[in-house]
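Biologist: I have a model open and want to talk it through. Can you take me through the chain contact, a helix pair and the confidence?

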Amino acid sequence: MTVALEIKNVSHKFGNFTALDDVSLNISSGDFTVLLGLNGAGKTTLYSLITRLYNNNSGSIKIHGFDVRERSVSALKNIGVVFQQPTLDLDLSIKENLEYHSSLHGLSFFEAKKRIDSEIRRIKLDDKIKSKVRALSGGQRRRVEIARSLLHRPKLLLLDEPTVGLDIGSRQMILKHVKNLCKKNNMAVLWATHLIDEIDMGEKVIIIDKGKVIESGDVSRIIKKTKTKNIRDAFNKLVGI
Amino acid sequence: MELIIYARCFKGIVLREALRFIHQKERFFSALVRPLVWLGIFAAGFRSVLGVAIIPPYETYIPYEVYIAPGLIAMIQLFNGMQSSLSMVYDREMGSMKTMLVSPIPRWFLLISKLLAGVFVSILQVYAFLLIASLWDIIPPISGYFTILPALIVSGLMLGSLGMFLSSAIKQLENFAGVMNFVIFPMFFASSALYPLWKIEETSEWLYYVCFYNPFTYAVESIRFSLYSQINIEYTIGILIFTLLFLFLSILGYDPARGNMQKKGGK
């Protein structure tokens, strides 16, 4: 299996505060991996380093073998991102937002049109393609953001708390959609969350606390190792709550 | 990376800026009203107070309205530059700036494209202003409408990159409003926009030096000379130096390794 994301010994500080402490992890193509941690555990900082919003000052981050610092163009080409904060332009339509993203990845007009049509059909918002984003619900906006992150056909999809603030129906729909994408396209997905109910048995989980990876592996293995009944109890035991 | 990919990216960024501008009609309206208020009210009141001697590039005595027109054009660009930086602070707070910064296209190219997109919008505003200003008999030679263009591009880039640098250094939108007051007003008043430098020198020598080294003066004077199809080497070199300096600082400000983004921790 191809390694889509390889992080080795990455630490990061903001002044005296250590946001990440010697983090190492691997994600393979086709894996749906949950990065589980409480708010402030270091998930967003890790995403900012993977996407090169910040430079990693220690260790290395490779995406499909390309180091994000040394080969940032090749590395970033392979990443699709859905940030925790909504990042769509509210005053533009869905189509305009998606066209803008396509141009940021250098897609031609015709290729962009083809992909936008296909992605927008997949998220079942083709009837609203000319609507301003402002007029969409929270769940619809998230679906548009996911569609946008897939336009340049990334091999690694990063989602930072994508379901926060959404109702149960929207949350389940988005989660199912991304899990399907992962299987169908053999794409690696790193899904950061603090919502334990988003994890299914058989999935890979990385638990992060106070900037450190404290456990990782299959859900069943973590449950067994912590001698608990379910992943919620295992998580609570590991982070001490 | 292929050239065509850069071209598509540039087109996308300019188009987005243009669409945002079209969608925000009030922005266009206020961008025009501001200099017109200065022209219609301030200049009318001051024309009797201030006499402007014959100074290059003018070949004869000119009404005060004609004198301040280049300053008002530069003011349009100053406000536009600060406004697009304001939108960058907003974009960064709202997160949409991240979408641009995680593009695989080199960051310096993305930032310069964003700046040029802002310059393009400011040029539209300037030509609309010049059209209306002709009602006040501010009519430069026909060639001036063309020769002003390079000066507008450079001055727009300079003021835009100054704004971009400030936006990289500012954490929150609220702080930016304060900086606007500390940047826009002092820059505008301590320049040759409203009164010629020799007049300021007569009043206060130190103020003269403040005005002389104010980058905005270089924008105003470059625009003034180019509007009359003339070139002033001193001001041209000055504006190019300031543009390169601010451009360098703004790209540095958004550099993931050295810039201000890192220091601010996520914003």
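**Contact, helix pair, confidence**

Modeller: In this predicted model, the contact takes 30 residues from chain A and 27 from chain B.

Biologist: Which helix gives the most to the side of chain B that touches chain A?

Modeller: Three elements of chain B give two or more residues to that side: α1 (3-23), α4 (96-101) and α12. The residues of this side divide into 13 nonpolar, 9 polar and 5 charged. The most, 9 residues, comes from α1(B).

Biologist: Is their crossing left-handed or right-handed, and how many charged residues are in the contact?

Modeller: The crossing of α5(B) and α6(B) is right-handed. Residues of α5(B), including L111(B), G118(B) and V126(B), meet residues of α6(B), among them Y145(B), G156(B) and M164(B). The contact of α5(B) with α6(B) has 11 nonpolar residues, 5 polar and, of charged ones, none.

Biologist: Where in chain B is confidence lowest?

Modeller: The model scores ipTM 0.81 and pTM 0.82. Chain B has a mean pLDDT of 84, with 88% of its residues at 70 or more. Confidence in chain B is highest in helix α10 (residues 215-227), at 95. At a mean of 55, it is lowest in helix α12 (residues 260-264) of chain B.

Technical notes:
Residues numbered from 1 in each chain as written. Chains lettered and ligands numbered in written order. Predicted model: local features only at pLDDT ≥ 70, side-chain atom pairs only at ≥ 80, totals over all residues. Left-handed = near helix turned anticlockwise from the far one by under 90°. Helix = DSSP H or I, 4+ residues; strand = E, 2+ residues; numbered from the N terminus. Contact = placed C-beta atoms within 7 Å. Nonpolar A, V, L, I, M, F, W, Y, C, P; charged D, E, K, R; others polar. pLDDT = per-residue confidence, 0-100.
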